[in-house]
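Q: Please take a close look at the aromatic rings in this chain, then go on to other parts of it. Give the cut-offs for each term as it comes up.

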Amino acid sequence: MKKRVFTDENYDSAVGNEILDGGICVACPKCGGMGVVKGEERHEKYWVYCKIVRFKCTSCYHSEKYDSEENVHKVHRARTFCEKCEKHISLVIDKSQHGHKVLNIVCPHCGAIIPTKIQIVEQGKGYMYQPSVNLRGLSATDNTFGYELYFLSAYKGRPVFATNRLHLQYLIDYIGADLRKKPYRLGGISRRVPGFMKLAKNREEILRILRRLQEK
C-alpha cells in the first residue's frame, strides 16, 4: 500500500497566505451561525498589522467593527537592560508614579535596582495580519471580539480546532499522512499544531473529530 506523503508549507507560502486570508471562523453571538473575523491589511515600516478588524455573520449578516487606532492610549513604560543578570526589562509604571522622568526600577529577574528613564508611549490594540486564537481550557476564541471558534471540539480534555475550512482541510491532510516532510525552512504551518494531535496513537480519533467538523 502506497504511503500518504505530506509536505508542510511555510506561513508565507501561497497555501499559508490563502489560509491566513480566510480569516477566523467564529460562532455568531446573535444566531450561532458561522461568522468570519478578518483584518484589513495596513503596512507600517517593516511590519504588517491590521488597523481595522471586522466581524460578519454569513447567516444573519450581523456585523461588528474594531478600529485599533480608536483604542490607542498613553502608557508610562520603563525599558532598560539589567547589567547584573543581562536580561531586558519592560515594565508598565503605575499611575501613582507618573510624573517622574527617572525611577529606580527593581529587576523582576534578579532584584537589582536600576535607575531608568521613563518613556511615555502610545499603545493600542494592534494586530499582526494573521489569525490569532486565545486558548483557555476547552475554549478557543479569536483575540479581537472574543467569540468562540466555529470549528471547535475536544479530545481528552484538550481543544481541537481549525481557524477556517482551508485550515481544517490542511490539518486533515497533515495528520492523516503516513510520512510528513518539513518545509524548506523553519516555521511551517504544522509548527502550531498541538503535539497531542500529531501523535500516531491519537491519529484516527483526531481525524474523526476533524471530519465531523467539516460537516458543519
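A: One aromatic cluster is formed by F55, F145 and Y147. This is a predicted model, in which local features need pLDDT of at least 70 and side-chain atom pairs count only at pLDDT 80 or more, while totals for chains, interfaces and linings use all residues. Residues are numbered from 1 along each chain as its sequence is written, and side-chain values use heavy atoms, with hydrogens and water left out.

The rings considered are those of Phe, Tyr and Trp (for Trp, the six-membered ring), and two of them pair if their centres lie within 6.5 Å; planes under 30 degrees apart count as stacked, over 60 as edge-to-face, and the rest as tilted. The count by this rule is five aromatic pairs. One of them joins F145 and Y147: the ring centres are 5.8 Å apart and the planes meet at 15°, so this pair is stacked. F145 is buried at 17% relative accessible area, where buried means under 20%, exposed means over 50% and partly exposed is in between (1.4 Å probe, protein chains only). Y147 is buried too, at 15%. Another pair is made by Y150 and F151, with centres 5.2 Å apart and planes at 80°, so it is edge-to-face. Y150 has a relative accessible area of 15% and is buried; F151 is buried as well, at 0%.

Strand β13 (residues 151-155) and strand β14 (residues 158-162) run antiparallel and are joined by five bridges. Strands pair if DSSP finds at least two bridges between them. F151 has A162 of β14 as its bridge partner. Two residues lie between the strands of this hairpin, in which K156 takes a positive phi near 50°.

K216 lies in the segment after α4 (203-214) and is partly exposed, with a relative accessible area of 41%. Leaving out residues up to four places away in sequence, K216 touches Y150, F151 and R165; contact means heavy atoms within 4.5 Å. From C-alpha to C-alpha, K216 and Y150 are 8.7 Å apart in space, although they are 66 residues apart in sequence.

The next part is helix α2. The N-terminal end of α2 is capped by N164, with a side-chain oxygen 3.2 Å from the backbone nitrogen of L166. Buried residues in α2 include H167, L168 and Y170. This helix spans residues 165-175, and the buried residues of α1 pack against it. In α1 (residues 14-21) those buried residues are G16, I19 and L20. Seen down the axis of α1, they fall within an arc of 100°, so they line one face of the helix; the arc is that of the directions from the helix axis to the C-beta atoms. Just after α1, G23 has a positive phi of about 70°.

Now a histidine in a strand. H76 sits in strand β6 (residues 73-81) and counts as buried at 16% relative accessibility. Its side chain makes a polar contact of 3.3 Å with the side chain of H98. A polar contact is a pair of N or O atoms within 3.5 Å; within protein, one must be able to donate a hydrogen and the other to accept it, and residues adjacent in sequence count only if both atoms are side-chain atoms. Apart from neighbours within four places in sequence, the residues in contact with H76 include L91, V92, H98 and I120.

How many disulfides are there? A disulfide is a pair of cysteine sulfur atoms within 2.5 Å, and by this rule the count is zero. C28 is in none, its nearest cysteine sulfur being that of C57, 3.7 Å away. C28 is buried, at 4% relative accessible area. C85 is in no disulfide either; the sulfur of C82 is the nearest one, at 3.6 Å. C85 is partly exposed, at 23%.

Last, the whole chain. It has four helices and 15 strands, and 39% of its 216 residues count as buried. Of the contacts between residues at least 6 apart in sequence, 54% join residues at least 24 apart.
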